[in-house]
Amino acid sequence: MRKVIIAPDSFKGTLSAMEVCAVMRAAVQAQDSTIETISIPIADGGEGTVDALLLATGGERMPVSVRGPRGMLLDAAYGWLPGRRAVVETAMAAGLPLMGTQLDVMNASTFGVGEMIGHAIAHGAQQVYVGLGGSATNDGGCGTAAALGVRFINRDGQSFIPVGRTLREIACIDMRESRVAQAGITIQAMCDVTNPLCGPHGAAAVYGPQKGATPDMVTALDEGLAHLADIIKRDVGIDVRALPGGGAAGGMGAGTVALLGGTLCSGIQTVLEVTGFHRSVTDAALVLTGEGRMDEQSAFGKVISGILQAAREHGVPVIAVCGGVQGNVDALYAQGLTAAFSINRLPMPFEEAKLHSRENLFETVRNVIRTFFH
């Protein structure tokens with residue numbers, strides 16, 4: 001059977017994963033209309049995860065008004081999937097773009113993420129996937145937990161909602177009114193990083209600067225996360241200080257495990273499972289994937305790496321068509337990649353090249369199909 005699975009990530013700053021799918025499918029059909037195509041836009045827990053899972057499962061988008069990272073109300077949405085499952089993107093309520101040009105990692109909150117989860121619980125969700133990519137926060141997931149009934153008490157005995165600046169003020173944590181625990185739901189946090197909560201490789205040190213943290217702020221934030229880890233160990237009985245992935249989304253990885261009773265899982269592997277990629281690829285002749293820029297990091301828990309692992313189990317070749325291929329990508333070939341192609345046919349700056357992304361992607365995929373099915 002001549003069947004092609006089209007499963008790309010987005011081309012950041014240019015085309016969404018769904019748009020890439022549409023262009024690739026049109027190119028395949030233009031070259032040979034007898035080829036069956038199945039489009040599965042892929043994300044790894046960051047931007048586009050909700051859309052990818054909705055398209056693959058036939059779910060629906062659930063609009064909801066929640067508090068953004070600055071505390072102002074904003075219109076957001078999460079995905080409602082068959083089987084009483086929901087998918088929430090942290091970035092929709094606490095994402096870096098929501099801060100505009102005025103970054104404020106010391107005071108940004110994930111409270112709105114908890115409001116989205118709470119909305120899903122109220123509608124009967126039994127399982128919630130939470131994508132941890134793209135946050136503007138460093139609150140250890142305390143805002144999310146507070147929105148779901150977890151109480152944080154300061155030294156004066158008062159409840160408050162911790163942010164990065166005030167993590168060190170937590171004196172104790174009261175989990176008795178947790179809506180997650182009361183509802184008995186399962187929460188899976190999707191992340192593709194292994195950074196611990198604190199320390200030189202932790203959330204503040206590695207990701208704080210890109211969220212606007214100065215060196216002094218990084219020190220304060222890291223101390224706050226370390227303090228949070230100590231209080232969690234004492235009051236909740238879970239040691240999250242060195243948890244791989246605990247530093248994702250400003251420490252929300254650790255917060256999901258300790259404060260929401262959740263688990264951390266590979267974003268790409270979860271998306272591949274929920275979208276049914278493993279079933280679709282069994283009788284495919286080829287998988288077409290891609291991303292904006294392929295480089296050495298693409299081999300480590302990213303979209304293409306996950307697709308290679310799944311396709312390799314069934315002996316299906318994978319060709320990546322990308323905006324650009326940079327550096328040594330031998331690790332991807334070692335993982336089973338058949339070939340990689342850049343869509344840019346002429347040397348030009350990115351600001352100019354992105355204007356021609358659709359046509360260049362279309363022509364490159366046509367050439368791939370022409371060669372592969374010759």
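Is Lys233 buried, partly exposed or exposed? Lys233 is partly exposed, with a relative accessible area of 48%; buried means under 20% relative accessible area, exposed over 50%, and partly exposed in between, with a 1.4 Å probe and protein chains only.

This is a predicted model, in which local features need pLDDT of at least 70 and side-chain atom pairs count only at pLDDT 80 or more, while totals for chains, interfaces and linings use all residues. Residues are numbered from 1 along each chain as its sequence is written, and side-chain values use heavy atoms, leaving out hydrogens and water.

**Salt bridges**

A salt bridge here is a side-chain nitrogen of Lys or Arg within 4 Å of a carboxyl oxygen of Asp or Glu. By this rule there are 13 salt bridges.

Next select Arg241 and Asp230, a salt bridge in which the closest N and O atoms are 2.7 Å apart. Arg241 lies in the loop between helix H8 (215–235) and H9, and Asp230 in helix H8, so the pair ties together parts that are 11 residues apart in sequence. Helices (H or I, at least four residues) and strands (E, at least two) are DSSP runs, numbered from the N terminus. Arg241 is partly exposed at 34% relative accessibility, and Asp230 is partly exposed at 45%.

Now go to Lys3 and Asp283, whose side chains meet in a salt bridge of 2.6 Å, N to O. This pair links distant parts of the chain, 280 residues apart: Lys3 is in strand E1 (residues 3–6), and Asp283 is in the loop between helix H11 (277–280) and strand E12 (286–289). Lys3 is buried, at 6% relative accessible area, whereas Asp283 is partly exposed, at 37%.

**A three-stranded sheet**

Select Arg151, Asp174 and Arg176, which are linked in a network of salt bridges. Then show strand E7 (residues 151–153), joined to E9 by three bridges and running antiparallel to it. Within this pairing, Ile153 stands opposite Cys172 in E9.

**Helix H2**

Select residues 49–57, helix H2, where Thr49, Val50, Ala52, Leu53, Leu54 and Thr57 are buried. These buried residues pack against strand E3 (60–67), E4, E5, helix H3 (90–94), strand E10 (186–191) and helix H10 (267–275); contact means heavy atoms within 4.5 Å. Just after H2, Gly58 takes a positive phi of about 75°.

Most residues other than glycine have a negative phi. Select Arg84, in the loop between strand E4 (73–81) and strand E5 (85–89): its phi is positive, near 55°. Arg84 is partly exposed, at 44% relative accessibility.

Then select Ala249 in helix H9 (residues 248–260). Ala249 also has a positive phi, of about 55°, and is buried at 9% relative accessibility.

How values were computed:
Pairing = 2+ DSSP bridges.
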